[in-house]
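Please open the model in a viewer and keep the selection panel at hand.

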Amino acid sequence: MIKKILLMDLPGQFKFVEKEVLPKIKEVLKSGRYIMGPEVKRFEDNFAKYCHARYCIGTSSGTESLYLSLLALGIGEGDEVITVPNTFTATAEVIVLVGAKPVFCDVDPNTLNLDPKSLKSKITKKTKAVIPVHLHGNPVDIDEIHRLCKPKKIVVIEDAAQAHGAKYKGRVIGSLVSETTCFSFHPVKNLGAFGDGGAVVTNNGKLEEIIRKLSNHGREDHYFHSMIGTTGRLDAIQGAILDIKLKYLTKWIKQKAKLVKYYRKKLPNVCKFIDTTKGGESSHHIFAIIISERDELAKYLKGFGIETGVHYPTPLHLQPAYKFLGYRVGDFPVAEKYANETLSLPLYPHMKKEEIDFVIEKIHQFYDK
Ligand SMILES: Cc1ncc(COP(=O)(O)O)c(C=O)c1O
């Protein structure tokens, strides 16, 4: 009898790597080197390789990765940065933190990713950057975004917090031609630390140098600082853990892809799915269905111990924190509609057949009532 099904089973995933991780943590603790150092360097090299990118800078979080990218690109007061409203607050938060203005554009009703047509309508002389989000791990139409941005010298910073291992036209996210690609290693991500962590990936050596310096208080030498920076570094323990987990990332994404295929085949017809972008391969960070009775279904499933999620229930332009931007209900109809209709279902690489079957059975039961 199944009592509980988590949205993402982190304790279960820990069991899978426990034998490798625990001795490694002990080794790092004994070394006395807890910040940056060889563990972080090894992971940075391996993650850059995984992303087919030249450089990787480990950071303290996905938020910090985005923030440092904006700082390094000199974006600040008087600048506008375009992004989507159906994302985690960090994507827009960092724009405000560097002193620039977030400008939202609507999303495509099929992929729920940035809609290039809406993006085009929001570009002004003040637009300095665009931050597209690979939502749920589904890649954005990055070629189309670059086609709009390049001629106007607008930089592109990819928010790949949810997209480790996703692909666009056969190329892994991080290897594309954007200025930087920003990853989060928050524990729930496909590649998650046991705490906070992030990375910036870039092919631009100058940007790598600046971001690395900014992430370490603008240090040239231990107490000699040439820039104003932050404590934006990745911890040694997290670097060591991530390096172990990176070996399994491709396998875990494949396992999730199989489960998503099964969900899609077995769920009732009333459940609609989010389209994968043309030429894209999702990393399946999240599997969400679209249904009008979202809250009722979530409540029904909870009654059977099935945890679900909503990514995200309130679009950013309607959040109190962004009230100062002056947006109103109705400004981004697609993002608003799907904020009320998407439901994320349990998904983790080692999810058992009886677990996924239980979720599917209960969703059928909800509609057969
Ligand atoms: C789309 C998106 N952007 C940014 C972030 C921020 O990442 P972090 O939580 O590592 O700061 C997250 C993670 O939660 C995210 O999902």
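Is K169 buried, partly exposed or exposed, and how many other C-beta atoms lie within 10 Å? Select K169: this residue is partly exposed, because 14 other C-beta atoms lie within 10 Å. On this scale, with C-beta atoms placed from the backbone, a residue with 20 or more such neighbours within 10 Å is buried, one with 12 or fewer is exposed, and one in between is partly exposed.

Before going on, note that this is a predicted model, in which local features need pLDDT of at least 70 and side-chain atom pairs count only at pLDDT 80 or more, whereas totals for chains, interfaces and linings use all residues. Residues are numbered from 1 along each chain as its sequence is written.

**Backbone stops**

Stay at K169, in the loop between β6 (167-168) and β7 (171-172). Its phi is near 50°, a positive value in a residue other than glycine. Helices (H or I, at least four residues) and strands (E, at least two) are DSSP runs, numbered from the N terminus.

Next select H284, in the loop between β13 (280-281) and β14 (287-290). H284 also has a positive phi, near 55°, and is buried, with 27 other C-beta atoms within 10 Å.

Then move to H311 and Y312, which are joined by a cis peptide bond with omega about 15°. Y312 belongs to the loop between α10 (294-302) and α11 (333-339). Most residues other than glycine have a negative phi, and most peptide bonds are trans.

**The two domains**

Colour 10-246 as domain 1 and 249-368 as domain 2; such bounds come from an automatic or database domain assignment. Their centres, taken over C-alpha atoms, are separated by 24 Å. The contact involves 38 residues of domain 1 and 35 residues of domain 2, two residues being in contact if their C-beta atoms, placed from the backbone, lie within 7 Å.

On the side of domain 1 that touches domain 2, select α1 (10-31), β3 (101-104), β6 and α8 (236-246), the elements that give two or more residues. The largest share, 3 residues, comes from α1.

**The ligand**

Finally, select the ligand and the 15 residues that surround it, of which the closest are S61, G62, T63, A161 and S184. A residue counts as near if its C-beta atom, placed from the backbone, lies within 6 Å. Both α3 (62-72) and α4 (90-97) supply at least two residues of this shell.
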